[in-house]
Amino acid sequence: MLKLPENFENYEEARREGFLKVKDLKEKGVPVVGIFCTYTPMELIHAAGAVAVSLCGTSNGPIHYAEKDLPRNLCPLIKSSYGEAASEKCPYFYFADLLVGETTCDGKKKMYEILNELKPIHVMHLPQGQEPDHAFAYWKEELVRLKEKLEEFFDVKITDEILREEIKERNRERKILMDFYELGKLNPSPISGSEINETMEALGFQFDRNAQCEFIAERTKELRNKYEKELKGSKSDKPRILVTGCPVNGVRDKILRTIEDSGASIVAFENCSGVREKIRLADEDIDPIDSLTQKYLDINCSVMTPNPRRFKDLDEMIDEYEVDAVIEIVLQACHTFNIEAHNVKQFVTEWKQKPYLYIETDYSELDVGQINTRINALLEMI
Ligand code: SF4
Ligand code: SF4
């Protein structure tokens with residue numbers, strides 16, 4: 001049985017424990033693949049017998065290392081990820097045998113060229129849109145290329161049979177994680193958004209996938225029982241917030257906690273720190289590469305143009321989670337989310353008739369006061 005920190009209050013603790021686990025895996029000969037994005041087809045990595053570890057930087061500390069090689073005016077997530085690697089302080093980067101990236105935004109794909117000087121990286125070429133017929137064929141070719149790369153690099157054979165098993169397994173994990181996220185649909189919600197976010201992040205540093213699922217299913221059951229026994233039928237005057245936009249793990253304390261400390265309840269995350277990848281399952285009944293091609297192509301992200309699935313997901317989530325207001329968090333210099341925010345604001349305020357707040361930020365503490373004021377002003381309006 002996996003031992004997890006009491007209630008994941010301490011994300012850093014989970015990260016530190018993860019270092020020892022990954023070292024242990026390496027000593028047993030298990031390959032490690034470093035990843036950076038939700039578009040990475042995890043089933044292929046697992047089918048190669050490897051574990052995947054996210055190398056997305058979430059702290060401000062390593063950014064000054066990155067700024068020696070990268071422009072300052074770049075998204076903090078990219079700078080932090082590169083800085084973790086360049087500073088040689090990230091054991092996860094150190095233990096990774098191979099990195100897998102995707103040509104998502106310009107900043108990331110150009111950063112990968114420099115990162116390749118430190119560690120071998122296989123970059124998948126992501127289509128820029130989901131609608132045209134050729135996007136499927138193009139992306140399928142990229143999945144085949146990744147499969148071949150993993151086979152050659154780790155000297156393994158990824159059979160259709162193994163892939164089908166991995167697809168089933170990953171779908172099972174997605175359903176369990178979706179049940180956990182969907183606790184936010186209960187009103188009042190039995191869990192804070194910060195706990196949801198921290199729990200999911202901490203899970204990324206555990207590598208026993210069965211134990212992860214068991215833990216999350218158990219926690220979901222506990223919280224559902226708590227709702228049935230203590231909360232059902234009671235009224236909460238906390239505004240229910242949906243968070244959308246860029247990944248938010250690097251601004252958890254600065255923004256997520258501030259929203260909740262100011263008296264609101266974050267009930268939903270429409271972003272890569274939330275349901276974005278889990279909302280659609282992979283088809284278990286078709287050719288496994290076709291299934292994964294479609295599954296990952298269907299993920300909504302502002303790097304796609306156009307990006308209609310994001311508005312479909314927002315539409316359904318605002319209703320299903322009984323959302324009172326939407327807060328969009330955009331990391332500085334993230335052009336795609338920044339520009340798409342224009343349409344998101346319009347959609348939220350005009351179509352859904354809900355208040356909307358746009359926050360552009362980085363990983364520093366410089367804007368803490370201003371963010372506090374703006375969040376409080378939004379909540380007073382509701
Ligand atoms: S926001 Fe887009 S580019 Fe960033 S991790 Fe998510 S899917 Fe990848
Ligand atoms: S937040 Fe935006 S700029 Fe930063 S890595 Fe993701 S898509 Fe790129």
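Two residues are in contact if their C-beta atoms, placed from the backbone, lie within 7 Å. The structure is a predicted model, in which local features need pLDDT of at least 70, side-chain atom pairs count only at pLDDT 80 or more, and totals for chains, interfaces and linings use all residues. Residues are numbered from 1 along each chain as its sequence is written, while chains are lettered from A and ligands numbered from 1 in the order in which they are written. Helices (H or I, at least four residues) and strands (E, at least two) are DSSP runs, numbered from the N terminus.

One open sheet has four strands in the order S2-S1-S3-S4, and the pairing is parallel. Two strands pair if DSSP finds at least two bridges between them. Strand S2 (51-54) and strand S4 (121-124) are the edges, each pairing on one side only. From one strand to the next, the twist averages 25°. Strand S3 (residues 98-102) runs parallel to S4 and is joined to it by four bridges. Here Glu102 stands opposite Met124 of S4.

Two helices lie across S3 and S4. Helix H7 (residues 133-154) runs at about 165° to S4, and H6 runs at about 160° to S4. Axes are lines fitted to C-alpha atoms, for helices over the stretch in contact, and angles run from 0 to 180 degrees between N-to-C directions.

A second open sheet holds four strands in the order S6-S5-S7-S8, again with parallel pairing. The twist averages 25° from one strand to the next. Strand S5 (residues 240-245) and S6 run parallel, joined by five bridges. Val243 has Phe269 of S6 as its bridge partner. Helix H13 (residues 308-320) lies across S5 and S6 and runs at about 155° to S6.

H4 and H6 pack at an angle of about 10°, and their axes are 10 Å apart. On the H4 side, the contact involves Ile78, Tyr82 and Ala85; on the H6 side, Gly107, Lys108, Met111 and Leu115. These residues divide into five nonpolar, one polar and one charged. Ala, Val, Leu, Ile, Met, Phe, Trp, Tyr, Cys and Pro count as nonpolar, Asp, Glu, Lys and Arg as charged, and the others, Gly among them, as polar.

The ligand shells were examined next. A residue is near a molecule or strand if its C-beta atom, placed from the backbone, lies within 6 Å of it. Around ligand 1 are Cys37, Thr38, Tyr39, Thr104, Cys105, Cys246, Pro247, Cys272, Ile299, Cys301 and Val303. This shell has nine nonpolar, two polar and no charged residues.

Ligand 2 has 13 residues around it, of which Cys75, Leu77, Cys105, Cys246 and Cys334 come nearest. At least two residues of this shell come from each of H4, helix H6 (106-115) and helix H14 (335-351). The shell of ligand 2 has nine nonpolar, three polar and one charged residues.

Lys68 sits in the loop between helix H3 (63-66) and helix H4 (76-86). Lys68 is exposed, because 10 other C-beta atoms lie within 10 Å. The cut-off for exposed is 12 or fewer such atoms; 20 or more make a residue buried, and values in between make it partly exposed, with C-beta atoms placed from the backbone. The C-alpha atoms of Lys68 and Ala86 are separated by 9.7 Å, although the two residues are 18 residues apart along the chain.
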